[in-house]
Amino acid sequence: MKKYKSLIVFDSNCDLPVYDEVDVLVAGGGPAGIAAAETAARHNNKTLLVERLGFLGGASVAGYSGTFCGMFYGCDNPLEEEPRQAVFGWTNKFYEELKEKNGVTEPQPYGKTFLVPHNPQIFKEVAEDMILSAGGKILYHSTIVGVIKDFDEFKGVVIDTKSGLAQIRSKVMIDATGDADIIYRAGYEYTMGDNGVIQNPTMIFRLGGVDVKKFFDYWGEDRISPDKVTEAMKQAIEKGAELPRLKVWVYHTTRPNELFMNVTLLTGRDGHLLNVCDPDDHTEAEQVARKQVNEYAKFFKEYIPGCEASFVNDLSCEVGVRQTRSIVGIDKLLNEDVKNARKRSDGIVACPWPIELHNGEKPYLFWLINDYYEVPYGALVPAVGENLIVAGRNLSAEHHALASCRVISQCFGYGHAAALAADKSIKENIKFRDIKGEEIRKLLNEEDARLGE
């Protein structure tokens, strides 16, 4: 990777134009940032969410991860058992809003659990309306390029816009960038997967013109591909098709005659793992992804019943990112915490989602059956730095643990928890690191999180 200057720090005497001064600054408009901004604003804090794109949703919309994962318990036979919800709170609040607007399908079986595809356009609109209705403000098309701090005390950020640079001052900040951008710009310590090995990015697309009934009569009820599809892929590969992933996942959507396609596996042209924090890798990922989409679309059209008249309806506007930087926190979610379904008094998010590690040719899956673990509050609090808390996949977690706790239902929960901590920090003049996780858990349960039930 080429050398770049990561450290972009201004002190409190920064003389750039002031765009705004707020109580809570939320960096990033993915699921964690959405929940954080709505919650902070609803608790009467002057709140500003800064987003680099022109809409909300983060990887779930721009990267088309496109499903509610992590909401339901795992079970031995989802084809015969009813889905049982394990996660509530802000996640359920948003889920119910989407259901109200026909923005989600019914729960669909995936391996030994369930997930729910959503409509990305309705997702964007619901998220925006919820934040604005709560009194929060959103700033689109603005990239955070630097931080303002005195010693280890954060005071704000520097943004780059089409009109130039400006500063935003805040009492506290919530880093919901997914890439720990605030920590990175400040020059603080972070980790990157398993000694630099991270999960593959992906490119998800929607296949239109499908006879969905005919498709699932052939495919079966489980959304993970059956063995006969793998065999058909091998036949296509022998004839020259480039299909690097042989186990793929396909769902129906809220729109007629359409399938949601989680089928690609992105590596560099020379086979190296792609790290989207490297702009060269990020660029290559986008280029490789579009070619793979066409290859898989062609395979489905030629080999899979119901897809004879299919076409690529649309694809994500950027590659979907599963993992980049993780903060070094005052606590950490460990691999064994997930595998042993560890519960804890300071747990602020419950997670029944399996370890779903996308690295190499075949995903590694470790299922949690009728159980869940809890993520500690301290995993959101950086070991160094004041007035800053994180929310989203950039929390402090080991590699395998992150492959479970990174999904959308939990990211909503991290944002909810981080905002309640921000509200408490401001109103009680207390540092994030001095807040007890048990106190945030209690506040979450007062807002229907149902932790420990």
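Which residues are linked with Glu38 in a network of salt bridges?

**View 1. A network of salt bridges in the predicted model.** In this predicted model, Glu38 is linked with Arg42, Lys93 and Glu447 in a network of salt bridges.

View 2. The strands follow the order 13-14-12-15 and pair in the antiparallel sense, with strand 13 (249-252) and strand 15 (311-315) at the edges, where each pairs on one side only. From one strand to the next, the twist averages 30°. Four bridges join strand 12 (residues 205-208) to strand 14 (residues 258-262), and Leu207 has Leu259 in strand 14 as its bridge partner. Helix 7 (residues 279-303) lies across strands 12, 13, 14 and 15, and runs at about 30° to strand 12.

View 3. Asp337 and Arg342 form a salt bridge in which the closest N and O atoms are 3.4 Å apart; Asp337 is buried, at 6% relative accessible area, whereas Arg342 is partly exposed, at 38%. Lys343 meets Asp371 in a salt bridge of 2.8 Å, N to O. Because Lys343 lies in the loop between helix 8 (335-339) and strand 17 (347-351), and Asp371 in the loop between strand 19 (364-366) and strand 20 (373-376), the pair ties together parts that are 28 residues apart in sequence.

View 4. Asp423 and Lys427 form a salt bridge, with the closest N and O atoms 2.7 Å apart. The two residues are separated by about one helical turn, because they are four residues apart in helix 10 (residues 408-428). Asp423 is buried, with a relative accessible area of 10%.

Notes. Residues are numbered from 1 along each chain as its sequence is written. This is a predicted model: local features need pLDDT of at least 70, side-chain atom pairs count only at pLDDT 80 or more; totals for chains, interfaces and linings use all residues. Side-chain values use heavy atoms; hydrogens and water are left out. Two strands pair if DSSP finds at least two bridges between them. Axes are lines fitted to C-alpha atoms, for helices over the stretch in contact, and angles run from 0 to 180 degrees between N-to-C directions. Contact means heavy atoms within 4.5 Å. A salt bridge is a side-chain nitrogen of Lys or Arg within 4 Å of a carboxyl oxygen of Asp or Glu. Buried means under 20% relative accessible area, exposed over 50%, partly exposed in between (1.4 Å probe, protein chains only).
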